[in-house]
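Open the model in your viewer and follow the stops below in order. Each stop says what to select and what is there.

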Amino acid sequence: MRIAVLAVQGAFEEHEKVLWKLGAKTVQLRKAEDLKEKFDGLILPGGESTVQGKLLRELSMLPALREKITNGLPTLATCAGLILLAKHIADENTVHIGTLPVTVKRNAYGRQLGSFHYANGYFQGVGAFPMEFIRAPYVESISDGVETLAAVEGRIVGVQYKSQIAVAFHPELGGDSRIHEYFLRQI
Amino acid sequence: MNRQYELNKELAQMLKGGVIMDVTTPEQAKIAEASGACAVMALERIPADIRAAGGVSRMSDPKMIRGIQNAVSIPVMAKCRIGHFVEAQILEAIEIDYIDESEVLSPADDLYHIDKTKFRVPFVCGAKDLGEALRRINEGASMIRTKGEPGTGDIVQAVRHMRIMRRAIAQITSMREDELFDEAKRLCVPYDLIQYVHDNQKLPVVNFAAGGVATPADAALMMQLGAEGVFVGSGIFNSGNPEKRASAIVKAVTNYTDASMIAELSEDLGEAMVGINAEEIELLMAERGK
């Protein structure tokens with residue numbers, strides 16, 4: 001199995017390490033021609049969504065990526081990746097990939113001093129799962145057809161819509177690979 | 001190891017592959033954000049101007065920093081003087097995302113760095129070799145950058161610091177385990193940090209390049225030498241076309257091995273910062289704080 005990892009900016013190596021541990025191969029997407037490679041799934045990692053979105057646009061990667069995801073490419077998006085996928089960003093006019101019908105709120109917990117570890121997380125289909133939130137977003141509202149996979153104190157932090165899974169936290173950081181396994185099982 | 005320290009190291013991981021830009025006004029901060037900066041460093045004067053002005057250089061006015069925090073949605077960093085823990089307390093009070101305990105400002109203490117373990121807010125510190133890097137990490141830094149020679153536009157010092165650090169890491173990696181104790185003694189750092197480097201072939205925190213980066217090629221050079229991201233100080237807003245240069249440096253960091261793309265990015269950038277040869281300057285900021 002070959003998984004593409006968006007590698008324009010952010011914590012993409014951390015995802016690759018988890019995938020390697022699970023026996024998957026990875027390919028980094030840094031420019032338009034990398035999208036011609038064959039792959040079975042896609043990971044949109046954490047980082048700065050403004051930077052990643054701008055690079056996707058200026059490196060002419062956005063249309064092809066959007067098309068692949070719309071056509072059912074299994075996708076796991078974390079933190080900034082969730083913002084890239086969202087159809088609406090609260091208080092902003094920006095849309096990046098825009099294939100996930102949710103409204104996401106950026107920096108929803110404030111600055112770095114608002115970052116937190118949530119020990120009692122629960123992820124539908126996986127079970128108890130500790131979660132790292134770093135200047136994290138959350139999902140403010142979802143459209144029909146979007147399933148909530150995780151919530152923290154009443155706020156949605158994990159969703160699935162068709163082949164797209166998106167979370168506000170960082171499953172690649174805690175050393176627990178069960179969400180990646182859950183993703184790989186969908187492929 | 002407390003939770004907040006883990007979260008602080010993780011924020012640095014999110015900045016990887018990105019460019020952190022020095023800005024002095026909300027307008028510059030917006031330009032930096034629009035050009036693809038993954039964070040901005042708010043300061044009153046860029047290092048080149050600090051160097052030119054001389055005198056004592058201190059933490060920026062909190063009001064000015066707040067103005068920049070309100071102008072952008074990306075993380076905002078700010079500098080305090082080496083050893084000046086009250087400046088750091090002030091920066092924590094205004095909820096800065098990262099404090100740079102920086103040799104660019106005049107040191108407030110010629111012996112002690114800040115005990116960064118006493119803070120919840122993260123710190124980045126400069127280092128010119130592995131010993132300095134690990135000593136800063138032991139004091140609680142959750143991110144390291146090369147010192148380079150700020151405000152010069154001369155990349156030579158950053159290259160030297162990165163090479164020295166990479167070489168020391170390679171040496172420790174190849175040591176027998178019974179040699180690590182003596183290495184810890186030699187570098188004046190705790191054994192467990194040396195053991196981490198030995199086992200993982202890297203620092204326990206993210207390591208960026210800083211000091212003298214002025215062109216897309218400089219940034220790509222530092223990435224190829226092993227930097228995980230780049231700080232650009234005076235190089236952007238002291239150049240002819242800041243927006244274009246900033247954008248080009250961001251893309252060069254993403255595609256740092258693609259020479260034909262970097263060639264394209266290097267075209268028509270206008271005047272680079274004039275720069276000072278690091279051999280010709282009297283004040284070596286990198287010698288501050290060891």
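**Stop 1: a ring in chain A**

Select A:Phe133, which counts as buried because its relative accessibility is 0% (buried means under 20% relative accessible area, with a 1.4 Å probe and protein chains only). This is a predicted model, in which local features need pLDDT of at least 70, side-chain atom pairs count only at pLDDT 80 or more, and totals for chains, interfaces and linings use all residues. Residues are numbered from 1 along each chain as its sequence is written, chains are lettered from A in the order in which they are written, and side-chain values use heavy atoms, without hydrogens and water.

**Stop 2: aromatic pairs**

The whole structure holds 11 aromatic pairs over all chains (rings of Phe, Tyr and Trp, the last by its six-membered ring, with centres within 6.5 Å; stacked means planes under 30 degrees apart, edge-to-face over 60). A:Phe116 is in strand β7 (residues 116-118) of chain A and A:Phe133 in strand β10 (residues 131-133) of chain A, 17 residues apart (strands are DSSP runs of E, at least two residues; helices are runs of H or I, at least four). Next, select A:Tyr109, which pairs edge-to-face with A:Phe116 at 5.0 Å centre to centre and 65 degrees between the planes. Ring pairs join these residues into a cluster that also includes A:Phe123 and A:Tyr182.

**Stop 3: two helices in chain B**

Select helix α2 (residues 26-34) and helix α4 (residues 62-71) of chain B, whose axes come within 9 Å and cross at roughly 35 degrees (axes are lines fitted to C-alpha atoms over the stretch in contact, with angles from 0 to 180 degrees between N-to-C directions). B:Pro26, B:Ala29, B:Lys30 and B:Glu33 in α2(B) meet B:Gly67, B:Ile68 and B:Ala71 in α4(B) (contact means heavy atoms within 4.5 Å).

How values were computed:
Buried means under 20% relative accessible area, exposed over 50%, partly exposed in between (1.4 Å probe, protein chains only).
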